[in-house]
Amino acid sequence: MKKHNFSAGPCILPQEVLNESSQAIINFNNDNLSLIEISHRSTPFIKVIEEAKELVRELLKVPQEYSILFLQGGASLEFLMAPYNLLSINGKCGYINTGTWSKKAIKEAKMIGNTLVIADSSDKNHTYIPKNIEINEELDFVHYTSNNTIYGTQFKEYPKTNSILVCDMSSDIFSKRIDVSKFGLIYAGAQKNMGPAGTTLVIVKNSILGNTGREIPTMLDYNTHIKKESMFNTPPVFPIYVSMLTLRWLKNKGGVDYIEKTNNHKAQTLYDEIDRNPLFYGIVNKDDRSNMNVTFTLNNKDLESVFDSLCNKKGLNGIKGHRSVGGYRASLYNALPLESVEVLVKTMQDLEKNNK
Ligand SMILES: *Cc1c(COP(=O)(O)O)cnc(C)c1O
């Protein structure tokens, strides 16, 4: 049966990318060698990582004074690396707490130095995005999470600050246009919109590095990876390759402009049904709804098992809400077709018809 994959991450990738990458495992470039058994310093692989970098630069219009890195350790290691590289010994940094991932970032920053939480949505269980944040301090940087994968909220505007802006874009990078020049540092684990788990994309403005007065362990120092072009040690060759293919796919589709329009349309289609269908309601503040992770719940919890089995029958996969939120979460990442959203909407309508 065809599956509709709404998984929150790792998540759906384009079918043609899966086909091509599985072929590369067996026989890459018709050289009778596998991609994962050749040297990362061989010409075929250097071509892959170079193309991946070029695609990131082109798709996100990354200015020349920014470096593009493919690292390991996930977004979770960036929680530590960002403050390590940007927080000066006597300085302070500011974090916007909009949920689980922000909280984890704050925990790591506190290990490095003086960390202020400058806005916090925990008073309403992270169902909204704090706005008009007042910053009265000199801060080395301000950190936020652009899309809250678990709660289903998303920033629609960049927080206003004169400090260096740092952003965890793990779950909405490449889903819409961004202005990279507004940021000092952007990072994202690959496994939502870019590829499989195993590599982390880092986009960093070169001039903000090396100013902390801190000694940074080699592997945690962005300058190490900039100097060695993400080849200080063996890079995760397969995740980088699959990411490259996914970015190629995105470019061929029409790039970020195109995908932003389809993503808006997919999200609108589902939110319209949530708002129309009397059996369901959306969990978060309407203005702050995420286009990537749509959270919703049933008014009558007794219908949950009925809805779950309807979804099962239709091949709808991965819509159970995060254990900390409950209800449902449909993740609508780039590779998810509109058709899958339409099947979900139809299933919600079927539930309504059956329970009149
Ligand atoms: C998934 C996710 C993470 C965790 O990424 P890892 O690569 O697993 O460390 C961090 N932040 C956000 C916003 C996420 O969605």
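Which side chain makes a polar contact with the side chain of Asn 291? The partner is the side chain of Asn 264, at 2.6 Å. A polar contact here is a pair of N or O atoms within 3.5 Å; within protein, one atom must be able to donate a hydrogen and the other to accept it, and residues adjacent in sequence count only if both atoms are side-chain atoms. Asn 291 itself lies in the loop between strand E11 (280-282) and strand E12 (293-298). Its relative accessible area is 18%, so Asn 291 is buried. Buried means under 20% relative accessible area, exposed means over 50%, and partly exposed is in between, with a 1.4 Å probe and protein chains only.

Before going on, a word about the model. This is a predicted model, in which local features need pLDDT of at least 70, side-chain atom pairs count only at pLDDT 80 or more, and totals for chains, interfaces and linings use all residues. Residues are numbered from 1 along each chain as its sequence is written, and side-chain values use heavy atoms, with hydrogens and water left out. The helices (H or I, at least four residues) and strands (E, at least two) are DSSP runs, numbered from the N terminus.

Let us turn to strand E3, which spans residues 92-97. Because 5 of its 6 residues are buried, E3 is largely enclosed by the rest of the structure. What does E3 pair with? Strand E4 (residues 114-120) is one partner, in the parallel sense over 6 bridges. Two strands count as paired if DSSP finds at least two bridges between them. You can find this pairing by looking for Gly 94, which stands opposite Leu 116 in E4. Strand E5 (residues 141-145) also pairs with E3 in the parallel sense, over 3 bridges. There, Cys 93 has Phe 141 of E5 as its bridge partner. Together with helix H4 (residues 100-112), E3 and E4 make a right-handed β-α-β unit. Right-handed means that, with the strands pointing away from the viewer, the path from the first strand over the helix to the second runs clockwise. In a regular strand the side chains alternate between the two faces of the sheet.

Strand E2 (residues 66-71) pairs with E10 in the antiparallel sense over 6 bridges, and Leu 69 has Val 202 of E10 as its bridge partner. Strand E9 (residues 185-189) also runs antiparallel to E10, joined to it by 5 bridges.

Now look for the ligand. It is surrounded by 13 residues, and the closest are Ser 76, Thr 149, Asp 168, Gln 191 and Lys 192. By class, the shell has 3 nonpolar, 8 polar and 2 charged residues. An oxygen atom of the ligand is 2.5 Å from an N or O atom in the side chain of Thr 149. For the side chain of Lys 192, the distance from an N or O atom to a ligand oxygen is 2.7 Å, and for that of Gln 191 it is 3.0 Å. The protein covers 87% of the 390 Å² of accessible area that the ligand has on its own. That area comes from the Shrake-Rupley method with a 1.4 Å probe.

A few single residues complete the tour. Gly 9 and Pro 10 are joined by a cis peptide bond, with omega about -5 degrees, and Pro 10 is in the loop between strand E1 (4-5) and helix H1 (15-26). Asn 29 is not a glycine, yet it has a positive phi of about 55 degrees; you will find Asn 29 in the loop between H1 and helix H2 (43-60). Asn 125, in the loop between E4 and E5, also has a positive phi, near 45 degrees. With a relative accessible area of 44%, Asn 125 is partly exposed. Finally, Ile 259 belongs to helix H7 (residues 255-276), and at 2% relative accessibility Ile 259 counts as buried.

Key: A residue is near a molecule or strand if one of its heavy atoms lies within 4 Å of it. Ala, Val, Leu, Ile, Met, Phe, Trp, Tyr, Cys and Pro count as nonpolar, Asp, Glu, Lys and Arg as charged, and the others, Gly among them, as polar.
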